[in-house]
Amino acid sequence: MTVQLRVASTIMLLRDQHYDGTVQGVEVFMVRRVIQSDFMPDVYVFPGGSVSNDDYTAEETEGLCRPVSAALADPEGRTALGTGVRAAAIREVFEEAGVLLAYQNGQVLAINDDEVARYEQYRRAFHQRQGSLVSMAQAERLTLATDRLHYFAHWITPEGMPKRFDTHFFIAFAPEQQQAAHDRLETSAGVWVNPAAALVGYERGEFPLVFATIHQLRDLAAFGSVQEALAFTETHHVPVRMPILERENGVTRVYLPDDAGNTWNVPEHMTKSKEGS
């Protein structure tokens, strides 16, 4: 049976890591999916999910999104306003990490203590599929910070998986005026982590990851600061990466076509749907 691709967005929310008063690398916010999740359960991922109809509407509503500069929009138009992927990324990081990338009165949104409860109500509504980016932005007089999303990677779930996503990865500087926190519904933990440290934890069996996330963390580990990472996206072409899934002698492995020597064993429960198909 052919599994239909779902367009999706993911955000790697970044902040500088400081040692002795100097910036030495970056930290990225990750959440751990609940063990009951029907896709990639009980692993650490970046906040993200499928593009919804409301995301398309948000990008098509006049004045709701900040225009995206030519330096940030890839030449192929994969993340241009109207595709829904930037609004989806903003909605998902708000749902899963509690960070709302938006402007208010021309400034990056700061949510003060008196406003936390009100924005938490919006967040709960999104989880219940009752919220709307358009209505929230209009009620709070916000402009979605679609221009703060830097296009970083494009991955397509390999054939043979029970769910497949055409996922666009963005990086964004975490606003200092907001605190990231996991949602306690779809995710069981949230953590700021240095990419290299996350990979060490994975090798020790302490920080469960999946194939695409491992590659993203390896890429992020090369940057000495958030600004360096953001500058990289302005000149770097984003290729499409679609791994290959192979089953042999009861073992399922995944690898990239140009890197067949670097494989990842896929746990059996990740290749099956909740219905066991």
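Contact here means heavy atoms within 4.5 Å. The model is predicted: local features need pLDDT of at least 70, side-chain atom pairs count only at pLDDT 80 or more, and totals for chains, interfaces and linings use all residues. Residues are numbered from 1 along each chain as its sequence is written, and side-chain values use heavy atoms, with hydrogens and water left out.

Helices (H or I, at least four residues) and strands (E, at least two) are DSSP runs, numbered from the N terminus. Leu100 lies in the loop that separates α2 (85-97) from β5 (102-104). Buried means under 20% relative accessible area, exposed over 50%, and partly exposed in between, with a 1.4 Å probe and protein chains only. Leu100 counts as buried because its relative accessibility is 1%. When neighbours within four places in sequence are left aside, the contacts of Leu100 are Ile90, Phe94, Leu109, Tyr119, Met136, Leu142 and Gln178. Between Leu100 and Ala70 the separation is 30 residues in sequence and 23 Å in space, C-alpha to C-alpha.

Two strands pair if DSSP finds at least two bridges between them. An open sheet of 3 strands has the order β6-β5-β7, with antiparallel pairing. At its edges stand β6 (107-108) and β7 (142-144), each with a single partner strand, so one side of each has no neighbour in the sheet. Within this sheet, Gln104 stands opposite Leu142 in β7; Leu142 is also one of the contacts of Leu100.

Strand β8 (residues 150-156) has 7 of its 7 residues buried, so the rest of the structure largely encloses it.

| Strands | Sense | Bridges |
|---|---|---|
| β8 and β9 (residues 164-173) | antiparallel | 6 bridges |
| β8 and β11 (residues 240-241) | parallel | 2 bridges |
| β5 and β7 | antiparallel | 3 bridges |

Helix α7 (residues 226-233) has Val226, Ala229, Leu230 and Thr233 buried. Seen down the axis of α7, these buried residues fall within an arc of 95 degrees, so they line one face of the helix; the arc is that of the directions from the helix axis to the C-beta atoms. The cover over the buried residues of α7 includes β1 (5-19), β2 (22-33), β8 and β9.
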